[in-house]
Amino acid sequence: MLEEKTQLDKRHSRAKLDVTDAANVALFLAAFLGIWQFVFLLRIWPEFLMPSPAMVLGSITNLVANSSLVVGTGVTLLRLAAGFLMSIGIGGAVGLAMVKFPGFGKTMSSFAVGLLTFPSIAWAIFAILPFGYNDMAILFVIVMASVFSVMITTYSSIRNIPPIYLRAASNMGAKGFALFQHVMIPAATPSLILGIRQAWSFAWHALIGAEILITITSEPGLGYVMSSARNFHFMGDIITVMITIFAIGIVFDRVLFRKVEEKVRSRWGLDDRSE
Amino acid sequence: MITAEYRQSNSMLLQVREVSKTYLYANNQKHVVLNRVSIDINDGEFVTIVGSSGCGKSTLLNIVAGLDRPDSGTILVKGKHKTSTDPGRLVIFQEGALFPWLSVLENVEFGLKLAGVPKSEQMQAAIRFIDMVQLSKFAGSYIYQLSGGMKQRVAIARALTMNPDILLMDEPFAAVDMQTREMLHNQLLQIHDETKKTILFVTHNLNEALALGTRLIVLSPRLGSIKREFSINLPRPRDVESPQITVIKRQILKELEEEFQFVRRENTVR
């Protein structure tokens, strides 16, 4: 009974929190747009360098109308999905091999840690010669930027599973793939999510950079739309793409990762510090 | 007392045969934890093992469970050699062995899911044992929402669901407060009555051992083996302050005191 009540309270306070959050965001946005407009009105910079919010809105409608924003977003997201899934596949497999063969794991993890901080833009330059200006080069950059993060996360998340779970599970008859599927993966999930989220942000950074450097006119991604806008001095278009990139980042982080993470954390009871 | 006739029979549920285990420390010092320990346990018995920490009682339990390997000696269940762990000998760990990513119901169903039992049967069995440990209201709760005592009841239900030959309990109530522990004792005795499961229960708490077991084994850290065995044929639940229990308790305390003095001597010599 008591439990039900506290859960209701929690839900109630969460709803209240959502309203406050929305109000805060609206206030922040209003202030941001206000300052922007104010700076614009000071006329410190010429219009083509410092467009007003209304002018950027014009760019947005323009880019939506000629469908380059939609196409760009689609192309970029497809690349992201393909590259990131490859990263998860390769990084996950190598990470598991690292757990399975400790000698390999130890060596590989110091190697991977080194590559983790390696600037992804350097991979873009590296990729152009062997692959040329095409999707393969961009995919390569995404994978190189995020695969080591997935690898290390897989390796450390599984190694850090409390041994008692594995002992209890094997005592109950879990072995081989069943142990992996029903115990190791769920036990490693809270830490896996954090790592995958980090890998995602690496992939996202790398992708936009790669699209700017590796120009593919036939498949214009967001990075390309941005860099071609620069050639024509279309600051409004540049800002439009930046807003789009920002929005995609927020949607992925807030809606996708945060939701999954919250669900897992509440199951494990990692959120209720008061209890 | 358990008679010689029992020992010779092959109908024993669990036979621990001359099990030895030595740990090697970093400084190459050997520590003989178990030295040719033999215990026979009959079907339906509730055997408690008491001994100070470091006497090897948990090691013994892990070896019986197949989670740890003996250096020599064998474990037989119903006359069959056992070398690896299996759900016939389930351990109730001291704490923390429930899966936080599953609800209470899913935790209790877990073993049956592994065994490939149909979903409806999993649920039926799980609900039956969740009822038995009186946690029906919490079937949908997650582990962090439960108190320490409730968690151990879930662990017991999870083990019972798999219908093991023997329950191996490794200081399962060491981390709960005294009042809760007493309640858990009564519940465990009721379960023992109801299911007639064989239980091997390890504890350092003498009162706990006296309250629960039909047989009490004192394990000696000095010998690495059984110091003495007591048969306690008193009805349960028991009052551990009663004169009959006190008589037994005094004898056991005497045995334990000798061990304690030995350990103290050894520590001062070192």
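1. In chain B, residues 1-8 have pLDDT under 50, pLDDT being the predictor's confidence in each residue, from 0 to 100. For this stretch the model has 6 contacts beyond four places in sequence, where two residues are in contact if their C-beta atoms, placed from the backbone, lie within 7 Å. Chain B averages a pLDDT of 90, and 95% of the residues score at least 70.

2. This is a predicted model, in which local features need pLDDT of at least 70 and side-chain atom pairs count only at pLDDT 80 or more, while totals for chains, interfaces and linings use all residues. Residues are numbered from 1 along each chain as its sequence is written, and chains are lettered from A and ligands numbered from 1 in the order in which they are written. The scores of the model are ipTM 0.89 and pTM 0.85.

3. Chain A comprises 10 helices and 0 strands; helices (H or I, at least four residues) and strands (E, at least two) are DSSP runs, numbered from the N terminus. Along the principal axes, its C-alpha atoms fill a box of roughly 70 × 60 × 30 Å.

4. Of contacts in chain A between residues at least 6 apart in sequence, 74% join residues at least 24 apart. Among its 275 residues, 31% count as buried (20 or more other C-beta atoms within 10 Å of the residue's own, the C-beta atoms being placed from the backbone).

5. D237(A) lies in helix α10, residues 235-268. D237(A) counts as buried because it has 23 C-beta neighbours inside 10 Å. Beyond its neighbours within four places in sequence, D237(A) contacts S59(A), L63(A) and A229(A). N62(A) is 175 residues from D237(A) in sequence, with 8.9 Å between their C-alpha atoms.

Notes:
Buried ≥ 20, exposed ≤ 12 C-beta atoms within 10 Å, placed from the backbone.
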